[in-house]
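Subject: Structure handover

Hi,

Here is the structure I promised to pass on.

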Amino acid sequence: MTVYQIACDNCGAKYKLPETFTGKQAKCQKCGSVIEVQKQREAASAAAAAPAAKPAAAARPAVDRSKPAAAEAGKPAAARPARAGKADDGADGGKKARGERETKKANTMPITLAAVGLLAVAGAAFFLVGGKDKPAETPKPAEPAKQEQAKAEAPKAEAPKPEAPKAEAPKGDAPKAEAPAATPPTGEPAKAEPPAAAATPAVPEDPTRPKKPWERMRNAPASIAEVADPKSYGDVPWPPGIDDAAKGKLRELAAEAAGDGIRSTRAKNELQKAGWPAIFALVEQLQKLDYKQAEPSMVGFDLNKLLETITGGVNLRYEPVDAGESIPAAKAEWNTRTVKGWIEFAGRSVDQEAYDKARAERLKKAGGADK
């Protein structure tokens, strides 16, 4: 299964998401900031699709062009002396004619030698040029052949590597059958981050690590199917002073706050401004979530944080959930029971005057200012 890696822009914390995760945003478990999952996932896909750079073309060997220069160097030396004696005519024409014939005979030998030298130079130039071209051309087809052979052999050598995750897959699924175990979170981190399954089991085995509240919970369910339904805790008691129109508007905002994107952010801001009446709509929305699944449980964490802000610090110790996490039965039951705690809190807050007084005392004790 393909896994995407995301990072928090605020604190730098890194997380790994499976390809089945469709949310556009996620909550950082370290600093509480919102992580833009879709933007980071698109950036990673664009980087993976970038084409590789083409190899530079091999440079052609230099050609020896000394042949024409050598040919032209021998021609003038043989031709110029032959034209020198034709301009002189006079009384001693016979002597000059005989001298001309002797000069021509004398000049025949240099011409012959120049022709032989020219042929030798041309042959040497042809040998040098032809000898340089042949080695330069033969490696060209040889190098791509070696590269193609290496590419063809590389997947064969690495073929066994993709089979390794198949062998490790049962390890990530094993925790589902470990319901009777005393410490359910033993395989939990491995399910949240499948690539790090070999390293994460060491964390639960540390005897010095203190157990979390949900790990110490009594009467924990033996399986995920036994986790309680939040709707079984009864209806949320609304104050009698809030009419149906106001309830409908608050419920609509609570449903948008449970989503993602800009509309979710705006709805959360509106609920925070509404204050006391928004508590009852948010608790109703918490009853609709499935705490056996990772994504709804992450939404539950966001709504719990919003309730903590509105109420001035009421914290029912909701346990955060990682994206793609296979939630243990005890952890899902713990978060489900926080809904029961919020219903009981709503029942004690139907009187706005008493609620405002209790909220002011909480803020004063925490050293904050009443908003």
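This is a predicted model: local features need pLDDT of at least 70, side-chain atom pairs count only at pLDDT 80 or more; totals for chains, interfaces and linings use all residues.

Residues are numbered from 1 along each chain as its sequence is written, and side-chain values use heavy atoms, with hydrogens and water left out.

The protein has 12 helices and four strands (DSSP runs numbered from the N terminus: H or I of at least four residues for helices, E of at least two for strands). Of its 371 residues, 27% count as buried, that is, under 20% relative accessible area with a 1.4 Å probe, protein chains only. Taking contacts (heavy atoms within 4.5 Å) between residues at least 6 apart in sequence, 62% join residues at least 24 apart.

Now to α9, residues 278-287. It packs on α11 (329-348) at about 155 degrees, with the axes 10 Å apart; axes are lines fitted to C-alpha atoms over the stretch in contact, and angles run from 0 to 180 degrees between N-to-C directions. That makes the two roughly antiparallel (over 145 degrees). On the α9 side the contact uses Ile-279, Phe-280, Val-283, Leu-286 and Gln-287, and on the α11 side Val-339, Trp-342, Ile-343, Phe-345 and Ala-346. By class that is nine nonpolar, one polar and no charged residues (Ala, Val, Leu, Ile, Met, Phe, Trp, Tyr, Cys and Pro are nonpolar, Asp, Glu, Lys and Arg charged, the others polar).

What sits in the largest nonpolar core? It has 34 residues, and Leu-271, Ile-279, Phe-280, Leu-282 and Leu-286 have the most contacts inside it. A core here is a set of buried Ala, Val, Leu, Ile, Met, Phe, Trp, Tyr and Cys residues joined through side-chain atoms within 4.5 Å. Helices α7, α8 (262-274), α9, α10 (294-310) and α11 each supply at least two residues, and α9 gives the most, with seven. Apart from this core lies another of 12 residues, including Phe-21 and Met-298.

Cheers

Notes. Angles under 35 degrees count as roughly parallel, over 145 as roughly antiparallel, 65 to 115 as roughly perpendicular and the rest as oblique. Buried means under 20% relative accessible area, exposed over 50%, partly exposed in between (1.4 Å probe, protein chains only).
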